[in-house]
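Work through the exercises below with the coordinates open. Each task is followed by a stepwise solution.

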Amino acid sequence: YIFIDEIQFSKSVKNPYIPNSDEKITFVDTLLGLMKNENLDIYVTGSNSKMLSKDILTQFRDRGDEIHVYPLSFAELYNTYKDKNYVVFGGMPYILSLENFEEKSTYLKNLFEETYIKDIIERNKIQNSSDILDILLNFISSAIGSLTNPLKLSNRFLSENKINISHNTISKYLSYFEESYIL
């Protein structure tokens, strides 16, 4: 068994087998090479934006299994802990060890920012602050069930937040959210 946690932090190295080339060996190449060994099980974890992106899934298609790890369901949380705050805080088990509303809210906000937003910014080399992504997600979340488009969102940024952002940029950001399975 091989267990590799947070593989997205591994560094690419120059390929020593191809002289005078800028080719790099990445974690994808390493994993695909390890998969050729018989009697070897490989378990890998990584950030959602990197590991769940379409390009990674394409490279590993039909070569492995995904194991989705979900938060606790309402039934699991309630039957085990008799906690009735599922609607407010969801099913992340660590929430149960926190004392008050502020601690729980801070934990969830930090979890989202570290797990999704920071990864999306790093992966896509976004120069703008994470505030714009946060505002965009709030706009999208508040418009569930309503028709919207990048141009409308651009106008909303300008009218509500006095931020001038093009509809093309918003369209790119929305695609980043889709690639990371946030949307």
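An angle between axes of 65 to 115 degrees counts as roughly perpendicular. The model used here is predicted.

**Exercise 1. Determine how helices H6 and H7 are oriented to each other, and list the residues in contact.**

Solution. 
- Step 1: Locate the helices. H6 covers residues 101-124 and H7 covers residues 130-142.
- Step 2: Take the geometry. Their axes come within 11 Å and cross at roughly 110°.
- Step 3: Apply the cut-off. The range for roughly perpendicular is 65 to 115 degrees, so H6 and H7 are roughly perpendicular to each other.
- Step 4: Assign the hand. The crossing of H6 past H7 is right-handed.
- Step 5: List the contact. H6 supplies Lys109, Phe112, Ile117, Ile120 and Ile121. H7 supplies Ser130, Leu133, Asp134 and Leu137.
- Step 6: Sort by class. The contact of H6 with H7 holds six nonpolar, one polar and two charged residues.

**Exercise 2. Decide whether Lys104 is buried or exposed, and find what Lys104 touches.**

Solution. 
- Step 1: Lys104 is part of helix H6.
- Step 2: Compare with the cut-off. Buried means under 20% relative accessible area. Lys104 has 9% relative accessibility, so Lys104 counts as buried.
- Step 3: Find the neighbours. Leaving out residues up to four places away in sequence, Lys104 touches Asn85, Phe89, Ile95 and Leu98.

**Exercise 3. Classify Ser97 by accessibility, then give its C-alpha separation from Lys82.**

Solution. 
- Step 1: Ser97 sits in the loop between helix H5 (86-89) and H6.
- Step 2: Its relative accessible area is 46%, so Ser97 is partly exposed.
- Step 3: Ser97 and Lys82 are 15 residues apart along the chain, and their C-alpha atoms are separated by 13 Å.

**Exercise 4. Which residues of helix H1 are buried, and why do they line one face?**

Solution. 
- Step 1: In H1 (residues 27-34), the buried residues are Phe27, Val28 and Leu31.
- Step 2: Look down the axis of H1. The buried residues fall within an arc of 100°, so they line one face of the helix.

Key. Residues are numbered from 1 along each chain as its sequence is written. This is a predicted model: local features need pLDDT of at least 70, side-chain atom pairs count only at pLDDT 80 or more; totals for chains, interfaces and linings use all residues. Side-chain values use heavy atoms; hydrogens and water are left out. Axes are lines fitted to C-alpha atoms, for helices over the stretch in contact, and angles run from 0 to 180 degrees between N-to-C directions. Helices (H or I, at least four residues) and strands (E, at least two) are DSSP runs, numbered from the N terminus. Angles under 35 degrees count as roughly parallel, over 145 as roughly antiparallel, 65 to 115 as roughly perpendicular and the rest as oblique. A crossing is left-handed if the near helix is turned anticlockwise from the far one by less than a right angle, and right-handed if clockwise. Contact means heavy atoms within 4.5 Å. Ala, Val, Leu, Ile, Met, Phe, Trp, Tyr, Cys and Pro count as nonpolar, Asp, Glu, Lys and Arg as charged, and the others, Gly among them, as polar. Buried means under 20% relative accessible area, exposed over 50%, partly exposed in between (1.4 Å probe, protein chains only). The arc is that of the directions from the helix axis to the C-beta atoms.
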